[in-house]
Amino acid sequence: MSREQERIRKKLEKNPVAECNKIQKRFYPGLFSKFAGVKDPRHQGYIDYSVKTMLGTIYYKCIGGLSSMQEMTRKFNNEKVVENLYTFLGEHGQEYMPHGVTVNEFLERLNPEELEKIRKDIVYSMVRRKTFEQARVLKKWQVIVDATELDEGYKQKNENYSSRCYNRVEKTEFTKYHRSVLEAKIYFGNNLVCSMASETIENSEEYVNKRDEEVKQDCESKAFVRLAEKIKKKFPRLPIVITADGLYVTQRVLQICKKYNWDYIR
């Protein structure tokens, strides 16, 4: 790690929100304007918070590393925090930030494609910058693919959760259930990455209903097929080299890379 990178890391540890604000303003200053342009699914006569405020609230929840809506509601219930967040967003200040329940209800009704448009625009705006040319590999953009576990426990919260058996055929055998997402991030160098596509890893209705015993649980390699299709559709001419671990070294994955004219590294 260079001295510059070490300095940035220390700043992020000290005040992640302030440093992320600097990064956002430098590389994508129009983010909050894009939030404001998202189509609002709510009845306009019953709105207390703008779309920009709703999306900005969840944005700063993620930057602040808050793990739940409940924690967000508690942490953001502070006069100084509220004042700062409205200032960051460029919005007229109110007494409170949106409650976690309110944000959840808004997200449930929001068309995901509205946010996909913003993500796509962020990627293209970053790619067009000459600043990141040195991050290319084989003259292509490096796309890192890996799964992230969102939730895990000993109880199956719904039938779409995947299961994993431990200590099979032993007295200590037990099962845990989890919900995961497969994420593709484009790498711009100096530990800077940008999300370009996501795909949930969850059991299909076909598996849940058990109409066909040959149907297997969803997994990372299956999800990769769907994720790759999304990437190719949204970025059809972007030169890509896929970077993933040995789990993805399968005939199907390699065939997809060849079909889409992508290189790959593991």
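Is Asp 151 buried or exposed? In this predicted model, Asp 151 has a relative accessibility of 18% and therefore counts as buried, since the cut-off for that class is under 20%.

Asp 151 is found in strand E1, and its side chain makes a polar contact of 2.9 Å with the side chain of Lys 157. When neighbours within four places in sequence are left aside, the residues in contact with Asp 151 are Lys 157, Tyr 161, Tyr 177, His 178 and Arg 179.

Ser 180 has its place in strand E3 and is buried, with a relative accessible area of 7%. Its side chain is joined to that of His 178 by a polar contact of 3.2 Å, and, again leaving aside neighbours within four places in sequence, Ser 180 is in contact with Thr 148, Glu 149, Leu 150, Thr 200 and Ile 201. A contact of another kind involves Lys 176, which lies over the face of Tyr 154 at 5.0 Å from the ring centre.

**Aromatic pairs**

The count of aromatic pairs comes to 14. Two of them, which involve Tyr 59, are set out here.

| Pair | Centre to centre | Angle between planes | Class |
|---|---|---|---|
| Phe 32 and Tyr 59 | 5.7 Å | 85° | edge-to-face |
| Tyr 59 and Tyr 60 | 5.0 Å | 80° | edge-to-face |

Because Phe 32 lies in helix H3 (residues 31-36) and Tyr 59 in helix H4 (residues 51-63), their pair ties together parts that are 27 residues apart in sequence. Phe 32 is buried, with a relative accessible area of 8%, and Tyr 60 likewise counts as buried, at 3% relative accessibility. Ring pairs link Phe 32, Phe 35, Tyr 59, Tyr 60 and Phe 88 into a cluster.

**Helix H10**

Helix H10 comprises the 15 residues 220-234, which at 1.5 Å a residue should span 21 Å, and the distance of 20 Å between its end C-alpha atoms agrees with that expectation. Its buried residues are Ala 223, Phe 224, Leu 227, Ala 228, Ile 231 and Lys 234. In general, an α-helix has 3.6 residues a turn, so residues three or four places apart point the same way. What covers the buried residues of H10 includes helices H8 (112-127) and H11 (251-259), together with strands E1 (141-153), E3 (174-187), E4 (193-201) and E5 (240-243).

Terms used: Residues numbered from 1 in each chain as written. Predicted model: local features only at pLDDT ≥ 70, side-chain atom pairs only at ≥ 80, totals over all residues. Heavy atoms only, no water. Helix = DSSP H or I, 4+ residues; strand = E, 2+ residues; numbered from the N terminus. Expected span 1.5 Å × (residues − 1). Buried < 20%, exposed > 50% of the residue type's maximum accessible area, 1.4 Å probe, protein only. Contact = heavy atoms within 4.5 Å. Phe/Tyr/Trp six-rings, centres within 6.5 Å; stacked < 30°, edge-to-face > 60°. Lys NZ or Arg CZ within 6 Å of the ring centre and 35° of its normal. Polar contact = N/O pair within 3.5 Å; in protein donor to acceptor, adjacent residues only side chain to side chain.
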